[in-house]
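Here's a quick briefing to read with the model open beside you. Keep the viewer handy and click along as you go.

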Amino acid sequence: MADISVTLPDGSGRLVADGSTVLDVAASIGSRLAQAAIAGTINGTDVDVSTVVKDGDVVAIVTTNSDQGRHILRHSTAHVLAQAVVQLFPGAHYTIGPAIDDGFYYDFALPNSQTFSDDDLRVIDKRMREIVAAGQPFERSELSADEALLVFADQPYKCEIIERVRSGVADGSDAAEVGAAETISVYRNTDSFLDLCLGPHVRTTSQLGHFALMKVAGAYWRGNEKGPMLQRIYGTAWENAAALKEHLVRLEEAAKRDHRKLAVELDLLSFPQELGGGLAVWHPRGAIVRKLMEDYSRQRHLDGDYQFVYTPHLANAQLFETSGHLDFYADGMYPPMEMDNGVYYPKPMNCPMHCLIFDGRQRSYRELPMRLFELGTVYRYERAGTLHGLLRIRGFTQDDSHIFCTEDQMADEITSLLDFVMSVLRRFGFYDFEFNLSTRNPVKSVGSDDIWEKATAALAEALHRHGVEYKVKEGDAAFYGPKIDLDVRDAIGRKWQLSTIQCDFNLPERFGLEYVGSDSARHRPIMLHRALFGSVERFFGVLLEHYAGAFPAWLSPVQARVLPVASAHEDYARTVLNRLKKSGFRADMTAADEQLGKRIRNSKLEKIPYVLVVGDDDVANDTVGVNPRGGEVERDVAVEAFIQRLDAEVLDGQSGGE
RNA sequence: GCCCUCUUAGCUCAGUCGGUAGAGCAUUUCCAUGGUAAGGAAAAGGUCGUGGGUUCGAUUCCCACAGAGGGCUCCA
């Protein structure tokens, strides 16, 4: 048989026998590679390892320890899940089951609106392992739509997908199942189980097995809340036992950082049931941290030439009619209060009120850019199921600013805003930023093409000037203007969306805002909305998770705790405490009513940065024993030296770190 | 709002096959004064989320509501 030549990713050529498959190519390179091969790519297209290569093809082998490989084995595991469910729950309809970050899910419709229980998960898991042990092959075949409809005649959701392919409306939501192509591919595991799928898949189920079923959840068919509610099973799957274990440990670590758990443990804040859902009260420990955050924010805004304003929590309905919020977002607002002189609403945002301030008198171009700043508390009636600790809450405070400027000022203003945002976030220990630029949704937007183009260009320009990478989210802008969103990565690599910078062409129009230009004519200002923390509550929650409750010294509720070894040292301990307080530190003391070890333990659990132990030696020498959070104990430190050290650390926290 | 699960002492959790409840930690008091992550003893603490229903009797079974958790949808 004649040889053909294929090219490998490193550019080298390779001769293989005509009719060779991707797996044969892998085998020709090495037997271990062939073992690890679960799929391949030919000329950039994902394929099964059983696919035959042609002369001149560029062939790559996909192994399990790559993102692409894991994606494939997760998707294959989803098929195994579907087979197990179909076997165990006769009459179950299976719908779609894609791979996702770290795992996969599969959505099912069970007969008679049955639901899965946790016990069911255990049974399903067991059956899945039997399927893995059986080493079933994944055999690909291609069918016409008519053939496929016949094969899946008793699977209405599959038929719907097939019909969508036939009528050419299949889109991203169908992508895991079928391609955009006219032919429909299916993968067969056994004579009785096959599934619509674009592929590729592993060769056999025996290449799978390092998976865990995580949870059951409800999910709407096609994400449509008017559509049927399906039963979704989430799972995670990895290339080997170690990777699976690592993932599960990571989840445990993240759970330990849960801000709702830490808020209770550290006595920071609570959500009393009597208050109502999504409403928090701040306890002294949490309130002091919040105050420090707000003080810091205020100081930075003063430095940045912002003008401080205050606006009330209620407003006449007319205001929100003017702003358009009542038209668009009435569902998300707390209900109206009818008074003798009109109808009032709690404010869901601050912008309309800031517009009133701008509009309070005639404005000159000389006043622009005018930057109004407020820590403004707003109320939004978030739907019950969406509440989530501090991250999604019904009453919250935005570090909200509205900047009124001319079109020409827009680019500079946005550029300096980006500096400002990053500088503030760095102070809270975030150094890894990702930017998203959301552009116009042509169907739903206000404002002229010209102004959209200018504003989008100004945002892009600012990003370019900073030399930062950014993703463009086409059509993701609000109806009133384009925006930049900023995501940060926390200490364990999770992504959080925090800051936002938005252009608004709508409110200036609706409120008829104007300024007098140097040409003596009236012009409409551009309005920029921006929040750095986003909401103080949400930012606090993210910060809690980021620091795992161990706030840096400048933010810690208690910076140092003095512990006398025995009662005899209490007087001295008190003088040390007073010196710390006089130096401006937040410090306290725990009397020797309990053993030293226990008091140290409790202080550590409170994540206090410094525990100062004082005994006979210290009384004699004016020293302390310093037990720092996460560090080594140091004895005989002069009190003055410790104060200077802490002073430097706090100062560095507030102003260093750039 | 939708699907599932949950709600017992300040916290973390047992428990009652329907006969009004227990532990550890925390709290208070007493003893102990201990140099770097839990010393000992005692006391106090609960209309078992709320409201209805079934029952001789409900914290337990049923229903509704509220709140929480996991998802979906939504997030100006």
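Asp295 is partly exposed, with a relative accessible area of 29%; partly exposed sits between buried (under 20% relative accessible area) and exposed (over 50%), worked out with a 1.4 Å probe and protein chains only. Its side chain meets that of Arg298 in a salt bridge, 3.8 Å from N to O, where a salt bridge means a side-chain nitrogen of Lys or Arg within 4 Å of a carboxyl oxygen of Asp or Glu. Arg298 counts as partly exposed too, at 28% relative accessibility. Because Asp295 and Arg298 are three residues apart in helix α9, about one helical turn separates them. Helices (H or I, at least four residues) and strands (E, at least two) are DSSP runs, numbered from the N terminus.

**Ground rules**

- This is a predicted model, so local features need pLDDT of at least 70 and side-chain atom pairs count only at pLDDT 80 or more, while totals for chains, interfaces and linings use all residues. Residues are numbered from 1 along each chain as its sequence is written, chains are lettered from A and ligands numbered from 1 in the order in which they are written, and side-chain values use heavy atoms, with hydrogens and water left out.

- The structure holds 47 salt bridges.
- Glu461 and Arg465 pair up through their side chains at 2.8 Å, N to O. Both lie in helix α14 (residues 449-465), four residues apart, which is about one turn of the helix.
- On accessibility, Glu461 counts as partly exposed at 34%, and Arg465 counts as partly exposed at 43%.
- Arg383 and Glu225 also form a salt bridge, at 2.8 Å from N to O. That pair links distant parts of the chain, 158 residues apart: Arg383 is in the loop between β21 and β22 (395-405), and Glu225 is in the loop between β12 and β13.
- Arg383 is exposed, with a relative accessible area of 56%, whereas Glu225 counts as partly exposed at 39%.
- There's a salt-bridge network as well, linking Arg285, Arg561, Asp588 and Glu606.

- Gly199 and Pro200 are joined by a cis peptide bond, with omega at about 0°. Look for Pro200 in the loop between β11 (194-196) and β12 (211-220).
- The peptide bond from Leu368 to Pro369 is cis as well, with omega near -5°. Pro369 lies in the loop between β20 (363-364) and β21 (370-379).
- Arg222 isn't a glycine, yet its phi is positive, near 60°. You'll find Arg222 in the loop between β12 and β13 (229-237), partly exposed with a relative accessible area of 30%.
- Asp305 has a positive phi of about 65° although it is not a glycine either. Asp305 sits in the loop between α9 (284-303) and β16 (307-308), and it is exposed at 58% relative accessible area.

- Met214, Leu248 and Leu251 make a nonpolar surface patch of about 210 Å². Patches are made of residues with over 30% relative accessible area and no salt bridge; like charges are joined within 9 Å, and nonpolar side chains (Val, Leu, Ile, Met, Phe, Trp, Tyr) within 5 Å.
- Leu248 belongs to helix α7 (residues 241-256) and counts as partly exposed at 30% relative accessibility.

**Chain A overall**

- Chain A has 20 helices and 34 strands, and its C-alpha trace spans about 90 × 75 × 55 Å along its principal axes.
- Of its 658 residues, 50% count as buried.
- The accessible surface of chain A comes to about 30500 Å², and 50% of that belongs to carbon and sulfur atoms. Accessible areas come from the Shrake-Rupley method with a 1.4 Å probe; for residues, only the protein chains shown count as cover.
- Among contacts (heavy atoms within 4.5 Å) between residues at least 6 apart in sequence, 68% join residues at least 24 apart.
- Chain A carries 70 positive and 95 negative side chains, and the centres of the two sets lie 4 Å apart. Lys and Arg count as positive and Asp and Glu as negative, with His and the chain ends not counted. The place of a charge is taken as NZ of Lys, CZ of Arg, CG of Asp or CD of Glu.
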